[in-house]
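Reader: I have a chain open and want to talk it through. Can you take my questions as they come?
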Amino acid sequence: MTLEELHIEKLPSVPQVLVELLRLCHLPDVEFDDLSRVIEQEPSLSAKILHLANSPCYRQWSEVKHLRRLIVVLGFDSVKQIAVTSAIHQVFSSFSSKEAAFVVSIWVRSLLCAHIAQDLARLTGYPSEDESYLAGLLHRIGQLVLLQNFPEKYQDILFMDDSDSVIEHVERALFEVSYCDVGAILIRSWPIH
């Protein structure tokens with residue numbers, strides 16, 4: 001199955017500001033000023049960073065309002081994690097209210113997997129915890145594509161209480177692909193490599 005057959009265009013693309021932010025986060029010599037210039041272009045991302053950096057967990061002396069200072073307080077990894085989560089949340093929030101329960105189920109599983117993957121990376125000494133987080137967060141994105149394209153057929157599959165191999169078998173029988181295949185195709189189409 002191809003992207004054209006799956007009507008990938010129904011899903012929103014990753015916002016260009018977030019693509020640029022992710023690109024910067026992968027550069028070895030990126031400056032905090034570069035990050036703040038990009039983040040300032042995305043109001044919802046700026047608001048999330050402002051909120052988190054001024055939480056009791058990070059606030060040391062007084063409320064911080066300058067974006068560059070907030071980024072320094074949070075650090076590169078936290079800023080990158082916020083950016084990735086925001087981008088993926090935008091994709092998840094594009095569904096109708098009729099599909100909301102199904103999307104919430106996928107989102108909750110994805111967030112749980114992201115945090116577990118990050119914790120496992122930390123425990124095992126894997127050098128890129130943020131990469132593990134991202135992999136966990138994206139591991140079910142193919143389900144969104146299948147749900148978007150086949151809402152009636154796919155809703156029943158979402159709540160199957162079977163192993164992934166059984167679910168994959170059912171998906172292949174109905175759609176000729178599994179959600180893992182679809183997710184891989186989708187991620188390869190994003191300009192964030």
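Reader: Among contacts between residues at least 6 apart in sequence, what share joins residues at least 24 apart?
Author: The share is 63% in this chain, with contact meaning heavy atoms within 4.5 Å. This is a predicted model, where local features need pLDDT of at least 70 and side-chain atom pairs count only at pLDDT 80 or more, while totals for chains, interfaces and linings use all residues. Residues are numbered from 1 along each chain as its sequence is written, and side-chain values use heavy atoms, leaving out hydrogens and water.

Reader: How many helices and strands are there?
Author: The chain has 12 helices and 0 strands. Helices (H or I, at least four residues) and strands (E, at least two) are DSSP runs, numbered from the N terminus.

Reader: What percentage of the residues is buried?
Author: Of the 193 residues, 45% are buried. Buried is under 20% relative accessible area, exposed is over 50%, and partly exposed lies in between, with a 1.4 Å probe and protein chains only.

Reader: And how much accessible surface does the chain have?
Author: About 10,600 Å², and carbon and sulfur atoms account for 56% of that. The areas come from the Shrake-Rupley method with a 1.4 Å probe; for residues, only the protein chains shown count as cover.

Reader: Which residues form a nonpolar patch on the surface?
Author: Leu112, Ile116, Leu120 and Leu123, with about 430 Å² of accessible area together. Patches take residues with over 30% relative accessible area and no salt bridge, joining like charges within 9 Å and nonpolar side chains (Val, Leu, Ile, Met, Phe, Trp, Tyr) within 5 Å.

Reader: Where is Leu123, and why does Leu123 count as exposed?
Author: Leu123 sits in helix α7, residues 100–124. Leu123 counts as exposed because its relative accessibility is 73%.

Reader: Switching to charges. How many salt bridges are there in the whole structure?
Author: The search finds 5. A salt bridge is a side-chain nitrogen of Lys or Arg within 4 Å of a carboxyl oxygen of Asp or Glu.

Reader: Which residues are linked in a network?
Author: Salt bridges link Asp119, Arg122 and Glu129 in a network. Within it, the Glu129 to Arg122 bridge is 3.3 Å, N to O. Glu129 is partly exposed at 27% relative accessibility, and Arg122 is partly exposed at 46%.

Reader: What about Asp34 and Arg37?
Author: Their side chains meet in a salt bridge of 2.6 Å, N to O. Both residues lie in helix α3 (residues 32–39), 3 residues apart, about one turn of the helix. Asp34 is partly exposed at 25%, and so is Arg37 at 48%.

Reader: And Asp181 with Arg172?
Author: That pair also forms a salt bridge, at 2.8 Å, N to O. Asp181 has a relative accessible area of 25%, so Asp181 is partly exposed. Arg172, at 35%, is partly exposed as well.

Reader: Now the helix packing. How do α10 and α11 cross?
Author: The axes of α10 (residues 151–158) and α11 (residues 164–175) come within 11 Å and cross at roughly 170°. The two are therefore roughly antiparallel. The contact uses Lys153, Tyr154 and Ile157 of α10, and Ile167, Val170, Glu171, Leu174 and Phe175 of α11.

Reader: How are those axes and angles defined?
Author: Axes are lines fitted to C-alpha atoms, for helices over the stretch in contact, and angles run from 0 to 180 degrees between N-to-C directions. Under 35 degrees counts as roughly parallel, over 145 as roughly antiparallel, 65 to 115 as roughly perpendicular, and the rest as oblique.
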